[in-house]
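Me: I have a structure open and would like to learn how to read it. Could you walk me through some features?

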Amino acid sequence: MEMKIEPRTLLGPGPSGVHPRVLQALGYPLIGHLDPQFLELMNNVQDMLRYAFRTKNQLTIPVSGTGSAAMEAAVCNFVEPGDSVLICVNGYFGERLCDMAGRYGAEVRRLDRTWGEVFTLDEVKAALEEKPAKIVMMVHAETSTGARQPLEGMSELVHSYGGLLLVDCVTSLGGVPLKVDDWGIDIAYSGTQKCLSVPPGLGPITVNSRAQGVLNSRRSKVPNWYLDLTMVGKYWGSERTYHHTAPISMNYALYEGLKLLVEEGIEARWARHLANAQQLWAGLESLGLKLVVPEAYRLPSLTTVYIPEGVDDAAVRGRLLKDYNIEIAGGLGIFKGKAWRIGLMGYSSQPQNVLMLLGALKEILG
Ligand SMILES: Cc1ncc(COP(=O)(O)O)c(C=O)c1O
């Protein structure tokens, strides 16, 4: 049977739409993972990732695997059994961080907030005052809620208690202001299928020298062979020592996706995401819908909107997909059946997509 895939307009929480140039890059001739041409491409990918993360960190690489692989790399390389870790949980992915850190033997302390809200510096300070933590983990862009965690001042606070700041940037990298060096973030990771608009399959990560020092002075071996950054880093570093066969074609795609980002300029890209999101927010409100997250900390890349009383969640999403080829997502956790999640990420963040979705919703909701 021939494979037949109907194209969609991807306006969910990821994957986002992929630019034709990125799709074309996936079809470039396959070469070896130690071919000089590929080694040069790796250097360029790293440079462009540094640009996207706004960092000079040497250890900046795409982990082979999705965002969860990068998350796991961020956790397993820095957590040792018995380490005290403070995790800010205000959504689904904070929960996942707790699960992962616990599996690597951390003594996990949770700081909880209602889903959709964000943490203040004072709250984190109070928790650290009670007990310092080796690592403080938080999610910059909570894809389950649409909340943007402000990070200004966070690293100074965490560092003053002797800890490292680890941040999930899966739904912010390349779409929402993120300044790894200026904000003093020690470990940050992401995924390719959100604002970078590259298919899922790689997980960019960046680690500063402070965190590398912690990695190099571990008491025990990193308990995950595949994600051990001391080994993977040698393949991506000057040694180019074989560790595993890099997903060549995915790195072509990432290269092209990052090149598009560099051509546009990171600040222009942030501005585009915000402008299109503002158009979406105004349009949803003019349809009488209520947004979940206050504008002050609402994510431009992911909007959560309450489903009106009496409206059938699945039926609306089903019609959007069937009649309009548009994908949006339902809610997770406390928002299941209560809110829709609409993504405007990377190539999908375009005014015509906003207008099309608003038009379709208007028709469906009557
Ligand atoms: C905030 C956040 N963290 C982590 C992940 C996990 O990434 P992946 O699904 O690519 O493994 C996601 C995916 O949606 C996410 O939104």
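Reply: Happy to. Let's begin with a definition: a residue is near a molecule or strand if its C-beta atom, placed from the backbone, lies within 6 Å of it. Two notes on the source: residues are numbered from 1 along each chain as its sequence is written. This is a predicted model, where local features need pLDDT of at least 70, side-chain atom pairs count only at pLDDT 80 or more, and totals for chains, interfaces and linings use all residues.

Me: Which residues come nearest the ligand?

Reply: Thr66, Gly67, Ser68, Thr143 and Val170 do, out of the 14 residues around the ligand.

Me: Which helix gives the most to the shell around the ligand?

Reply: Helices (H or I, at least four residues) and strands (E, at least two) are DSSP runs, numbered from the N terminus. Here helix α3 (residues 67-76) gives the most, with three residues.

Me: How is the shell around the ligand made up by class?

Reply: Ala, Val, Leu, Ile, Met, Phe, Trp, Tyr, Cys and Pro count as nonpolar, Asp, Glu, Lys and Arg as charged, and the others, Gly among them, as polar. The shell has seven polar, six nonpolar and one charged residues.

Me: In what order do the seven strands of the open sheet come?

Reply: Two strands pair if DSSP finds at least two bridges between them. The order is β2-β10-β9-β8-β5-β3-β4, with mixed pairing. At the edges are β2 (59-64) and β4 (107-112), each pairing on one side only. Within this sheet, β3 (residues 84-89) and β4 are parallel and share six bridges; Ile87 has Arg110 of β4 as its bridge partner.

Me: Which strands does α3 lie across?

Reply: Contact between two residues requires C-beta atoms, placed from the backbone, within 7 Å. Axes are lines fitted to C-alpha atoms, for helices over the stretch in contact, and angles run from 0 to 180 degrees between N-to-C directions. Helix α3 lies across β2, β8 (164-168), β9 (187-189) and β10 (202-207), at about 30 degrees to β10. Helix α4 (residues 92-103) runs at about 160 degrees to β3, and lies across β3, β4, β5 (135-139) and β8.

Me: Is strand β11 mostly covered or uncovered?

Reply: A residue is buried if 20 or more other C-beta atoms lie within 10 Å of its own, exposed if 12 or fewer, and partly exposed in between; C-beta atoms are placed from the backbone. Strand β11 (residues 302-306) is mostly covered, with four of its five residues buried. Five bridges join β11 to the antiparallel strand β14 (residues 339-343), where Tyr306 is partnered with Ala339.
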